[in-house]
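Dear colleague,

Please find the structure below, handed over for your study.

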Amino acid sequence: MTLGQATRFSLAALLHVCCSSRPPLPPQAIALNDEGIGYLAVGDLETADTRFRLALEYNPHFVEALVNLGLVELERGNFSRAGQLLERARRINEHVAQPHHGLGVLAERVGDREDAAAHYRAALAVDPGFAPTRLNLARVLFDANELYHAKAEFAKLTQVAPDLAEGHAGLAETLIRLGRRREAERIVQSQASRFPESTGLQVLLARSELRSKQIARAVQRLNHIALRGDGDAALAYSWLAIAELAQGRPAHAVGAAKRALALDADSRVARHALAAALTELGAVHAPAGDHPDAYPVR
């Protein structure tokens, strides 16, 4: 995904959703599958692999375990093997959403967004309430600049999964891109307090504060995210660079942008801030950068 660098969706668990259900299967198989999900969630691929394989020994047609094993191979970068497992799961039962969803994730990984969207739509045709797929489809449409369709999917997501912060953040970001900033502001203001740990919503709130010249508040909010030291630090540093520009401190903006780019070389916000700062400092060969509101933000 690239739903950009201002609403980074903390989606490891959703993008690579693990499948859990309670079919009429041996209880040992279900327990092993659930244990494997826990290990996959923390990145212990070897133990997860073993649990899913043991679950399949109890029942080789355990669709959820097959999908989860495919996701393990996907995480390992074994795309061909992942595809084989996911296709096998789909052949066993095409009337559940998980195999279609997994194939969509695989298609995204190999860069085929059109195929990914088709798989996600197939999953939603089976289960319209499957939130991970709805979110992924919305992101794919957003990245393809199909903003009206993306908005529709994000809006549906807020209804089927109202407790999922990413849906509200994605809807607000899409509305910004559509020029409907007031509607976006209302969403951000109402949901940021509801989801204080949502980086996407907190960064959107900081952006709102920057626009309204509440720079100190925005900086404090962004610093709080940066100090977590997790995967969202690059996003926070990118917007801190924009905040430094707003304060007329291009040298400090260069520093923040470089810290962001050291963590995420693809950050368009950081590239924009660095280019603007270097231009202000009189650099002859300032790198090109997009305006922060002119691209999809993660």
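In α12, the buried residues are Thr199, Gly200, Leu201, Gln202, Val203, Leu204, Leu205, Ala206, Arg207, Ser208, Glu209 and Leu210. Here, buried means under 20% relative accessible area, exposed means over 50%, and partly exposed lies in between (1.4 Å probe, protein chains only). Helices (H or I, at least four residues) and strands (E, at least two) are DSSP runs, numbered from the N terminus.

Please note that this is a predicted model, in which local features need pLDDT of at least 70 and side-chain atom pairs count only at pLDDT 80 or more, while totals for chains, interfaces and linings use all residues. Residues are numbered from 1 along each chain as its sequence is written, and side-chain values use heavy atoms, with hydrogens and water left out.

Helix α12 is mostly covered, with 12 of its 13 residues buried. The elements that cover these buried residues include α10, α11, α13 and α14 (233-246); contact means heavy atoms within 4.5 Å. From its first C-alpha to its last, α12 reaches 18 Å, close to the 18 Å expected at 1.5 Å a residue. That expected span is 1.5 Å times one less than the number of residues in the helix.

**Loop residues**

Just after α12, Lys213 takes a positive phi of about 70 degrees, and this residue is not a glycine. Lys213 lies in the loop between α12 and α13 (215-226) and counts as exposed, at 68% relative accessibility.

Asn145 likewise has a positive phi, of about 65 degrees, although it is not a glycine. Asn145 is placed in the loop between α8 and α9 and is partly exposed, with a relative accessible area of 47%.

A further loop, between α11 (181-192) and α12 (199-211), holds Glu197. Glu197 is exposed, its relative accessible area being 59%. The C-alpha atoms of Glu197 and Ala165 are separated by 9.2 Å, and the two residues are 32 residues apart along the chain.

**Two helix pairs**

Helix α9 (residues 147-160) packs with helix α10 (residues 165-177) at an angle of about 155 degrees, their axes being 8 Å apart. Axes are lines fitted to C-alpha atoms, for helices over the stretch in contact, and angles run from 0 to 180 degrees between N-to-C directions. The two helices α9 and α10 are therefore roughly antiparallel to each other; angles under 35 degrees count as roughly parallel, over 145 as roughly antiparallel, 65 to 115 as roughly perpendicular and the rest as oblique. On the α9 side, the contact is made by Leu147, Ala150, Lys151, Phe154, Ala155, Leu157 and Thr158, and on the α10 side by Glu166, Gly167, His168, Gly170, Leu171, Thr174, Leu175 and Arg177. By class, the contact of α9 with α10 has 7 nonpolar, 5 polar and 3 charged residues. Ala, Val, Leu, Ile, Met, Phe, Trp, Tyr, Cys and Pro count as nonpolar, Asp, Glu, Lys and Arg as charged, and the others, Gly among them, as polar.

Helix α6 (residues 97-109) and helix α8 (residues 131-143) pack at an angle of about 30 degrees, with axes 10 Å apart. They are therefore roughly parallel to each other. In this pair, His101, Val105 and Glu108 of α6 meet Pro132, Thr133, Asn136, Arg139 and Val140 of α8. The residues of this contact divide into 3 nonpolar, 3 polar and 2 charged.

Yours sincerely
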